[in-house]
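Have the viewer open as you read.

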Amino acid sequence: MEGLGEALGDVLPVVLDLSSAPDTSSEGAVEAARTQPGANVVRLDGCTGITVDALSQLGHSLPSLSDLSIAGCTQLDSGALSAKLSTEFPNLKTLDVRNCSQLTDRDLAMIMVRRSMKGLQP
């Protein structure tokens with residue numbers, strides 16, 4: 001059975017979902033990522049305490065991160081966020097930025113042009 005668990009670990013997502021705790025601080029999110037180093041899906045929907053620097057730390061802590069949802073995280077600085085998302089997160093394939101009204105069409109275009117993303121949900 002151990003071999004089956006390892007095989008499924010390569011196929012099934014390992015999810016870190018903090019969206020049910022919208023008051024999560026940047027430090028709390030980074031600490032949660034450190035406790036789940038194999039996470040490849042992160043949900044931060046509506047977490048109003050998350051900063052761009054915390055997202056960067058998450059990217060470094062979770063090198064397998066392929067799916068990131070920051071839907072409703074309206075406090076993130078759009079210029080810094082689009083720059084980080086364009087250059088960091090080497091395995092990111094899907095990004096959910098719904099209700100991130102601070103991101104302009106230009107920001108989204110910059111992210112898409114600089115990355116080969118499977119899905120972007122504006």
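Thr24 counts as buried because its relative accessibility is 12%, where buried means under 20% relative accessible area, with a 1.4 Å probe and protein chains only. Bear in mind that this is a predicted model, so local features need pLDDT of at least 70 and side-chain atom pairs count only at pLDDT 80 or more, while totals for chains, interfaces and linings use all residues. Residues are numbered from 1 along each chain as its sequence is written, and side-chain values use heavy atoms, with hydrogens and water left out.

You'll find Thr24 in the loop between β1 (15-17) and α2; helices (H or I, at least four residues) and strands (E, at least two) are DSSP runs, numbered from the N terminus. Its side chain reaches the backbone oxygen of Ala21 at 2.6 Å. Setting aside neighbours within four places in sequence, Thr24 is also in contact (heavy atoms within 4.5 Å) with Leu18, Ala29, Cys47, Gly49 and Ile50.

Now hop over to Leu16, in strand β1. Leu16 is buried because its relative accessibility is 5%. Its C-alpha atom is separated by 6.2 Å from that of Val41, 25 residues apart along the chain. Val41 is also among the residues that Leu16 touches beyond four places in sequence, including Ala32, Ala33 and Gln36.

Zooming out, the largest nonpolar core has 31 residues. Such a core is a set of buried Ala, Val, Leu, Ile, Met, Phe, Trp, Tyr and Cys residues joined through side-chain atoms within 4.5 Å. Those with the most contacts inside it are Leu44, Leu55, Leu68, Ile70, Leu81 and Leu85. Helices α2 (26-35), α3 (52-61), α4 (78-87) and α5 (105-114) each supply at least two of its residues.

Technical notes:
Buried < 20%, exposed > 50% of the residue type's maximum accessible area, 1.4 Å probe, protein only. Polar contact = N/O pair within 3.5 Å; in protein donor to acceptor, adjacent residues only side chain to side chain.
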